[in-house]
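Please look over the sequence and the model before reading on.

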Amino acid sequence: MLSFENDYSEGAHEKILQRLIETNLEQLPGYGTDIYCARAAEKIKAACQCPEADVYFLAGGTQTNAIVIDSMLAPYEGVIAAVSGHINAHEAGAVEYTGHKVLPLSQRQGKLDPKELAKFLENFWADPNHEHMVFPGMVYLSWPTEYGTLYSRKELTEISEICRRFGIPLYLDGARLGYGLASPKADLTLPELAALCDAFYIGGTKVGALCGEAVVFTGQSTPPHFLTRIKQHGALPAKGRLLGIQFDTLFTDGLYFQISRHAIEMAGLLKAGLQKLGYSFYLDSPTNQQFVILDNQTLEALKGRVAVSFWEPLDETRTVVRFATSWATRKEDIETLMEILGPA
């Protein structure tokens with residue numbers, strides 16, 4: 001069966017598997033203090049053009065979001081997110097489980113509106129009862145968003161300036177960061193993202209790694225004793241080398257960016273093929289996630305042949321589904337998909 005259900009169905013890029021085999025019998029210190037974690041951190045700081053950054057490696061996206069947000073917020077603070085944001089919609093209340101409320105704002109194609117964000121913060125501080133309320137202590141964004149869309153340089157700069165005006169950090173979820181950077185519609189570079197955010201993570205799980213996310217704290221934003229906070233959350237692996245080796249490989253010879261470009265090229269072929277067959281799109285996504293409107297009969301006919309991700313019902317007869325390409329998507333898989341679908 002073909003799968004376009006997500007971008008983490010496959011294992012890992014073969015260069016990562018090869019390096020794990022080559023280093024398997026090396027005896028290394030634990031908890032991320034090995035040479036490979038150190039080397040990967042230096043390569044990431046160089047790629048971000050942020051030599052003062054602190055880099056930590058965690059296993060997965062939900063874990064990373066919960067720990068970073070919990071560690072950066074005071075006990076009485078919550079985190080602002082788009083209502084469609086991953087921490088609000090698809091992380092099973094992981095942030096709330098740490099004791100911090102998610103403060104959802106409306107979204108436009110997955111994005112927060114800078115003017116609405118500023119108004120929310122202004123209204124909070126103007127409210128004479130704000131001492132009895134959950135304080136907005138952070139802004140959370142994802143780039144790309146859950147709809148595959150991208151904040152522009154202008155939008156992210158405006159949000160960053162709002163955060164600095166109100167003295168709260170800007171945290172960016174980069175689960176699919178590589179696919180955003182590889183998009184022809186992106187007008188932001190990795191160093192620009194690092195300059196605008198107080199913290200973000202570079203996703204590996206969805207971009208060629210077996211597992212792993214690289215958290216980057218820029219400037220002086222690292223929470224005190226963050227390694228201890230990771231341990232307290234049960235998320236500090238003794239064999240931290242497994243994450244360091246993967247990111248060291250991804251950031252050697254531009255592999256991370258190379259495989260991200262491949263996913264975007266495959267998404268372009270997928271999009272063009274669907275358009276040629278007459279299918280409609282829910283929105284225009286410039287990244288590896290494509291949201292397609294299928295009639296329910298077509299969707300039912302795909303079962304057992306093609307795996308896609310249900311997104312939301314459009315009406316009684318049509319459904320929005322997500323087709324995702326990845327670093328491992330093959331051109332022949334897309335050609336086979338078009339044969340199975342046929343004209344709309």
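The questions below go from the whole chain to single residues.

Reader: What kind of model is this, and how are residues numbered?

Author: This is a predicted model, in which local features need pLDDT of at least 70, side-chain atom pairs count only at pLDDT 80 or more, and totals for chains, interfaces and linings use all residues. Side-chain values use heavy atoms, with hydrogens and water left out, and residues are numbered along each chain as its sequence is written, starting from 1.

Reader: How many helices and strands are there in the chain?

Author: Helices (H or I, at least four residues) and strands (E, at least two) are DSSP runs, numbered from the N terminus. By that rule the chain has 14 helices and 13 strands.

Reader: What is the radius of gyration of the chain?

Author: The radius is taken over C-alpha atoms, and the globule rule is 2.2 Å times the number of residues to the power 0.38. For 344 residues, a compact globule would come out near 20 Å. The chain agrees with this, having a radius of gyration of 20 Å.

Reader: What share of the residues counts as buried?

Author: Buried means under 20% relative accessible area, exposed means over 50%, and partly exposed lies in between (1.4 Å probe, protein chains only). Of the 344 residues of the chain, the buried share is 55%.

Reader: Of the contacts between residues at least 6 apart in sequence, what share joins residues at least 24 apart?

Author: A contact means heavy atoms within 4.5 Å. Among contacts between residues at least 6 apart in sequence, the share that joins residues at least 24 apart is 73%.

Reader: Which residue forms a salt bridge with Asp-70, and why does the pair tie together parts apart in sequence?

Author: A salt bridge is a side-chain nitrogen of Lys or Arg within 4 Å of a carboxyl oxygen of Asp or Glu, and the structure holds 16 of them. In the one formed by Asp-70 and Arg-229, the closest N and O atoms are 3.5 Å apart. Asp-70 lies in helix α3 (residues 61–72) and Arg-229 in helix α10 (residues 226–232), so the pair ties together parts 159 residues apart in sequence.

Reader: Which residue forms a salt bridge with Glu-192?

Author: The closest N and O atoms of Glu-192 and Arg-153 are 3.2 Å apart. The pair links distant parts of the chain, with Glu-192 in helix α9 (residues 190–196) and Arg-153 in helix α7 (residues 153–166), 39 residues apart. Glu-192 is partly exposed at 27% relative accessibility.

Reader: Is Lys-303 buried or exposed?

Author: Lys-303 forms a salt bridge with Glu-300, with the closest N and O atoms 3.1 Å apart. Glu-300 has a relative accessible area of 47% and is partly exposed. Lys-303, at 57% relative accessibility, counts as exposed.

Reader: Where does Gln-49 lie?

Author: Gln-49 counts as exposed, at 63% relative accessibility. Its C-alpha atom is separated by 28 Å from that of Tyr-8, 41 residues apart along the chain. Gln-49 lies in the loop between α2 (35–48) and β2 (54–58).

Reader: Which residues is Thr-64 in contact with, leaving aside its neighbours within four places in sequence?

Author: Thr-64 has its place in helix α3. The residue is buried, with a relative accessible area of 0%. Leaving aside neighbours within four places in sequence, Thr-64 is in contact with Leu-58, Tyr-171, Tyr-201, Glu-213 and Val-215.
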